[in-house]
Amino acid sequence: MSKKSVLIIGLVWPEPTSSAAGTRIIQLVNLFLSQGYTAIFACGASKSEFSFDLPAIGVTEREIKLNDSSFNTFLQETNPDVILFDRFMVEEQYGWRVQQECPDALRILDTEDLHCLRHARQQAMKTHSPLELFTDLAKREIAAILRCDLSLMISESEIEILQEQFRIDPSLMYYLPFLEEELTAKDIQEWKPFEEREGFMFIGNFLHEPNWNTVQILKTKVWPELRKKLPQAKLHIYGAYASQKVMQLHNEKDKFYVHGRAKDARKAIAKHKILLAPIQFGAGVKGKFIDAMQAGTPAVTTSIGAEAMRGNLEWNGVIADDPFLFINRAVQLYQDKVWWFRAQQNGVRIINERYGKSTFTQPFIEFLQTLSLNLTAHRKRNFFGQILLHHTANSTKYMSLWIEEKNAQKV
């Protein structure tokens with residue numbers, strides 16, 4: 001019996017050292033590899049020096065072109081059993097070609113987070129207006145979800161929004177959080193103790209707007225007040241793709257240190273006492289908190305920051321939306337060893353009970369097997385998705401073919 005194959009079409013080449021999105025896609029690659037799939041990763045973007053070495057883990061890489069029929073030929077040659085779109089924009093770009101060449105392949109969308117939710121929250125904050133979910137971006141993202149056989153969701157809160165606000169059928173969604181190694185007693189023993197940790201910290205990819213906004217909040221609102229209460233404390237900022245506007249916030253006199261990219265996020269977090277993250281908008285599940293829990297570092301954040309991360313468990317630190325409360329609780333946690341240790345232990349429970357990969361891998365693979373066997377019936381139940389696929393495929397197809405023809409004329 002031949003091996004099953006999965007084709008992952010990436011928006012970008014994954015960079016797990018730069019972002020949680022990069023970590024997520026590598027976790028999915030490893031999940032399929034662990035189940036004996038052959039894996040191909042195809043991408044139309046340029047690589048960077050931080051792109052993950054996929055061939056080193058046994059994945060075939062393929063550079064592809066947007067709006068080019070060579071992709072159809074590639075699909076015919078590979079004929080994968082499963083096709084995974086890395087974010088809805090990728091499904092928009094390549095979905096019609098996939099449907100044309102591989103109609104029997106299982107089409108999966110990894111949402112990463114709900115882009116329309118994150119964007120709506122950002123707009124509501126900037127304009128001081130009520131949250132408006134029903135935007136053009138939402139139309140595009142929901143259409144991609146409906147056109148796929150299954151969408152992987154990283155946040156239970158987002159599943160709720162899709163069901164209640166957009167009336168998405170639960171059979172089209174599957175909850176698959178970050179897939180983490182469980183923390184052992186040995187891991188915990190190796191953590192730096194309370195006394196050896198220094199200062200506060202924040203980490204985040206600066207291409208991601210919520211992270212840049214958070215650093216501005218830290219610089220202008222949180223740190224000036226927090227420093228008055230803890231004059232000896234320092235705040236360290238780390239993050240990939242830090243532009244000049246980020247780096248110029250560095251001020252040693254104010255003990256506000258901007259370091260740029262961390263070679264190893266968890267090692268950087270593990271040196272410090274508390275992760276400070278007054279996140280004002282965003283969606284999905286935050287990789288920085290997963291890293292903090294894996295490094296034994298408590299976190300102080302907002303309800304948006306901690307959204308969908310802990311279930312019914314106690315948070316590994318403080319959740320506070322009021323700025324005054326946020327600062328005062330951060331000071332208390334910084335000084336109270338007993339509370340700090342309890343917060344650290346809460347993080348261990350959250351990782352092991354909510355993100356342990358051994359809990360999620362087998363049920364997911366079994367679900368895919370069942371879905372593959374019943375794909376025709378599944379698609380009939382999602383008839384609105386088939387309608388969208390028919391019309392969108394045709395409209396996108398002709399636009400894409402027109403672009404392809406124009407490109408050919410330029411040569």
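Biologist: What is the strand order in the open sheet?
Modeller: The order is β3-β2-β1-β4-β5-β6-β7, seven strands with parallel pairing. Two strands count as paired if DSSP finds at least two bridges between them. Strands (E, at least two residues) and helices (H or I, at least four) are DSSP runs, numbered from the N terminus.

Biologist: Which are the edge strands?
Modeller: β3 (60-63) and β7 (173-175), each of which pairs on one side only. From one strand to the next, the twist averages 25°.

Biologist: What kind of model is this, and how are residues numbered?
Modeller: It is a predicted model, in which local features need pLDDT of at least 70 and side-chain atom pairs count only at pLDDT 80 or more, while totals for chains, interfaces and linings use all residues. Numbering starts from 1 along each chain as its sequence is written, and side-chain values use heavy atoms, with hydrogens and water left out.

Biologist: Back to the sheet. How many bridges join β1 to β2?
Modeller: Six. β1 covers residues 5-10, β2 covers residues 38-43, and they run parallel. Ile9 has Ala42 in β2 as its bridge partner.

Biologist: And how many bridges pair β4 with β5?
Modeller: Five, again in the parallel sense. β4 is residues 82-86. Asp86 has Asp110 in β5 as its bridge partner.

Biologist: Is β5 mostly covered or mostly uncovered?
Modeller: Mostly covered: five of its five residues, 106-110, are buried. Buried means under 20% relative accessible area, exposed means over 50%, and partly exposed is in between (1.4 Å probe, protein chains only).

Biologist: Which residues point which way from β5?
Modeller: Leu106, Ile108 and Asp110 point one way. Arg107 and Leu109 point the other way.

Biologist: Which strands does helix α6 lie across?
Modeller: α6 (residues 156-164) lies across β6 (150-153) and β7. The helix runs at about 160° to β7. Angles run from 0 to 180 degrees between N-to-C directions, and axes are lines fitted to C-alpha atoms, for helices over the stretch in contact.

Biologist: New topic, helix pairs. How do α4 and α5 cross?
Modeller: Their axes come within 8 Å and cross at roughly 165°. α4 is residues 115-127 and α5 is residues 136-147. The two are therefore roughly antiparallel. Under 35 degrees counts as roughly parallel, over 145 as roughly antiparallel, 65 to 115 as roughly perpendicular, and the rest as oblique.

Biologist: Which residues make that contact between α4 and α5?
Modeller: His115, Cys116 and His119 from α4, with Leu137, Ala138 and Glu141 from α5. Contact means heavy atoms within 4.5 Å.

Biologist: What about α1 and α15, at what angle do they cross?
Modeller: Roughly 75°, with the axes coming within 11 Å. That makes α1 roughly perpendicular to α15. Leu31, Phe32 and Ser34 of α1 (residues 20-34) touch Thr361, Phe364, Ile365 and Leu368 of α15 (residues 357-373).

Biologist: How many residues of α11 are buried?
Modeller: Eight of its eight, residues 287-294. Among them are Lys288, Asp291 and Gln294. Gly296 follows α11, and its phi is positive, near 70°.

Biologist: Where does α11 meet α14?
Modeller: Ile290, Met293 and Gln294 in α11 meet Gly347, Ile350 and Ile351 in α14. The axes come within 8 Å and cross at roughly 115°. α14 is residues 337-354.

Biologist: Is Asn211 buried or exposed?
Modeller: Buried, because its relative accessible area is 5%. Asn211 is in helix α8 (residues 209-229).

Biologist: What does Asn211 contact, leaving aside neighbours within four places in sequence?
Modeller: Phe202, Gly204, Asn205, Phe206 and Lys288. A polar atom of the Asn211 side chain lies 2.9 Å from the backbone oxygen of Asn205.

Biologist: Last one, Lys397. Which helix is it in?
Modeller: α17, residues 383-410. Lys397 counts as partly exposed, because its relative accessibility is 22%.

Biologist: Which residues does Lys397 contact, beyond four places in sequence?
Modeller: Trp96, Gln100 and Thr392. Lys397 and Gln100 are 297 residues apart along the chain, but their C-alpha atoms are separated by 10.0 Å.

Note on methods
A polar contact is a pair of N or O atoms within 3.5 Å; within protein, one must be able to donate a hydrogen and the other to accept it, and residues adjacent in sequence count only if both atoms are side-chain atoms.
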